[in-house]
Amino acid sequence: MTCCCEKTESALEKLARLEPEKTAQLNAFIDTLPIGKDIESNRAHLIIALHQAQGIFGYLPSEVQQLIAERLKLTRSEIYGVISFYSYFTDKPIGRFKINVCCGTACFVKGANLVVEQFSRELNIKEGETSADGRFFLGVLRCVGACSLAPVVMVNERVYGNVTPAMVSQIIADCKD
Amino acid sequence: MIIKTPSDLTAKVAELKAGFSGKTQLLVSLGTCGIAAGGSPIAAALRKHVTEQGLESKFEVVDVGCLGLCYCEPMIEVKAANGKSLIYGNVTEEQIPAIVAAGADKVAEGLQVQATNIYYPEDQEKPEKKVVQTRIALRNSGRINPEKIEDYLLKDGYQALAKVLTKMKPEEVCQQLVDAGLRGRGGAGFPTGKKWQFAAAQPKGQKYIICNADEGDPGAFMDRAVLEGDPHAVLEAMAIGGFAVGADTGLIYIRAEYPLAIARLKKAIEQATSYGLLGKNIFSTGFNFTIELKYGAGAFVCGEETALIHSIEGKRGEPTFKPPFPAVRGLWGKPTIVNNVETLANIPAIFRKGAAWFKSIGTPGSPGSKVFALAGKINHVGLVEVPMGIKLRDVIFELGGGITDGREFKVVQIGGPSGGCITAKNLDTAIDYESLKALGSMMGSGGMIVMDEDTCMVNVARFFLDFTVDESCGKCTPCRIGNKRLFEILDKICAGKGTPEMLDQLEELSNVIKDTSLCGLGQTSPNPVLSTLKNFPDEYKAHIFEHRCPAAVCTAMLNYIINDKCIGCGLCARKCPVNCISGTQKTRHHIDQSKCIKCGVCMRTCKFAAIDRK
Ligand SMILES: Cc1cc2nc3c(=O)[nH]c(=O)nc-3n(C[C@H](O)[C@H](O)[C@H](O)COP(=O)(O)O)c2cc1C
Ligand code: FES
């Protein structure tokens, strides 16, 4: 090893510097898991760890993936493989107002696609994108279980029922920081 | 208190019964649907009213799960101790004083009550009425507070487990389930007793029982209703299963999209454990059983049992070839039972009332009842549980209240993206696993989406394929690439770019995908295409040969045009979401086709039939 006085910062150090509280929170959660030497049984805790991490950070940036990999003794590639498989996980930051239009069958039959198109036009983003100002994310979901109110739109936790394209601008206006 | 013996359980129930208040209950449905429709403020206002009026000695407000009348949420049921009950739908806070004042004996003035046609075979004689719901799996949903184990105990809860553990041998448990003829409600309809026997026959050692609560079919919500409305029934059934096959660990794989069901399950597990009904040495028989929750992360294919197992192991949820079946080699290579939520919810009743009782309901080949989630263009969107063998017509027109806005029925899609559509000419089919399959559909999980004459069947097929392409895990080629090609063909047809060869291509490709895919996802994904092709060939042909969408849905092939009946009132221009209608007052208006998004709002708002859709 050569001497390196100006050591470059590792991914984990960067995370701890930028988000000390969130990092501590995630580490504290992982501390509660029975992690051992056996990779097979460690792997069983991966999905719950990712759920927690996404809940804390809002998304799963590569530094967080690195942290989880090291703590669970799994490889980065495996973790990325799991994140990319499940649609619930995202490695990109998403908007503060998560507008999700239900495109389950019941909502589809009642015209949910017209609602998606209207949001897309008014926010000038496509499905799956976040607006440039970081405020809005437009996504679709498959059945939120409120089929009697179809078509359904969820903005963060708030549910709007019987949505028509004409209601879209009001829903956007309701989103106040 | 720890319940150590069946007589402890009897004593506890007697104690609860003695403490039973005899108050009139005000039940407020607070499942996901009820909450979304505004049930929580109604429950709060109701509590406030009861307290303010000093009526606590007469009334008790109870938060319950979903009763299945989702079409009229928020709702209040007024239920007297003598069983009399009135259900009010679409309740507003202003109506609360009148509802409470009227009590259970008479209908509040100026309000209407909802007719119910629900009967509970465990507790009641079958009524004379011709079409009735028969509730076994949904027996407690909407009747009890799911967050209180005492409510479940008062409804014979954990009696089946007590009987099984103290009076039966594991072989007898499996045999009784075989005799009852219960078939899996999660899709394939495999006999549950047989599945348990397979796992029980494996050498002793670590085994698992998994409850499949992944409910991926978009538009089906019966499993959610059971978990939110009666979580203990599922826990009790899992413990019975654990005893029958020799497993001491149960896992519930639940989708992360169901936060309320997760919270209620957690609470239920805690309560059952604190009573000693889960944990070590249950009913002092030496039988140990614990239940853990595992979370899904938004992948439809994880509902397939082998994929589900991989997901619990923390891997990508890709399915593997069967055999070996999970009952032989499942979670971490150990024998594993995977059962659906609704399947499990039937099990305590079978052990309380016996196999012959269960078999007396439904048809000989498919005993019992099935929950269907009615949605789409139907008046009574919600849950119905009906005996197998009931006619589709009765479900849709009697229990479901018929089609919205008096439109014409076109098809009902059963079995979600793996199912097929059933047309008006087959409405008199008696529903069971085999009859639906014969019609090119399938029971699936029991989603029933009703569509009216304004639905384009090519577009519906395209919708389902879009779903499949999204959800295919990509492991096998026919499903990954085949479905994508199917989707592209359908997309072209809907865009007015169809060619005659496409009809044959669709059929051929569908059959190849069905025959060669690895798991149930690909083996069934072409069903919506094949069934619409078979039932509605003319609609496909109209799109391809005439560039016309008969139901006027595919926007690429239609325009909205203002005709000379227009009087220039300007209403449509004000309603148009993209401001593409122009014109001066009292003169004929004009639609700018380049900006029109074809949403149809103008046509619906026009009072003079001055807008044509061509
Ligand atoms: C693509 C696919 C998705 C499935 N999704 C579910 C599901 O969401 N819930 C479920 O209970 N079963 C689902 N199944 C069926 C399961 O593989 C399995 O047959 C079922 O859980 C067995 O339980 P049962 O015998 O009690 O029905 C699915 C199957 C396939 C092929
Ligand atoms: S399909 Fe949209 S809520 Fe069920």
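A polar contact is a pair of N or O atoms within 3.5 Å; within protein, one atom must be able to donate a hydrogen and the other to accept it, and residues adjacent in sequence count only if both atoms are side-chain atoms. With that in hand, let us work through some exercises.

This is a predicted model, in which local features need pLDDT of at least 70 and side-chain atom pairs count only at pLDDT 80 or more, while totals for chains, interfaces and linings use all residues. Residues are numbered from 1 along each chain as its sequence is written, chains are lettered from A and ligands numbered from 1 in the order in which they are written, and side-chain values use heavy atoms, with hydrogens and water left out.

**Exercise 1. Describe the surroundings of ligand 1.**

Step 1: Start with an oxygen atom of ligand 1, which is 3.0 Å from a polar backbone atom of Glu305(B). A polar side-chain atom of Lys195(B) also lies 3.0 Å from an oxygen atom of the ligand, and for Arg185(B) a backbone N or O atom lies 3.3 Å from an oxygen atom of ligand 1.

Step 2: Ask how much is covered. Ligand 1 taken alone exposes 610 Å², and the protein buries 88% of that (accessible areas by the Shrake-Rupley method with a 1.4 Å probe; for residues, only the protein chains shown count as cover).

Step 3: List the shell. It has 18 residues, the closest being Gly186(B), Asn212(B), Asn339(B), Asn340(B) and Thr343(B); a residue belongs if one of its heavy atoms lies within 4 Å.

Step 4: Sort the shell by class: three nonpolar, nine polar and six charged residues. Here Ala, Val, Leu, Ile, Met, Phe, Trp, Tyr, Cys and Pro count as nonpolar, Asp, Glu, Lys and Arg as charged, and the others, Gly among them, as polar.

Step 5: Find the elements. Strand E11 (336–340) and helix H20 (520–524) of chain B each supply at least two shell residues, and E11(B) gives the most, with three. Helices (H or I, at least four residues) and strands (E, at least two) are DSSP runs numbered from the N terminus.

**Exercise 2. Characterise the interface of chain A and chain B.**

Step 1: Count the contacts (heavy atoms within 4.5 Å). On chain A 35 residues touch 51 residues of chain B.

Step 2: Take the area. The two chains bury about 3,500 Å² between them, 65% of it on carbon and sulfur atoms; buried area is the accessible area (1.4 Å probe) lost on putting two parts together, summed over both. Phe85(A), Thr105(A) and Arg142(A) supply 20% of what chain A buries against chain B, more than any other three residues.

Step 3: Look for charge pairs. The rule finds one salt bridge across the interface, between the side chains of Arg142(A) and Asp470(B) at 3.1 Å, N to O. The rule asks for a side-chain nitrogen of Lys or Arg within 4 Å of a carboxyl oxygen of Asp or Glu.
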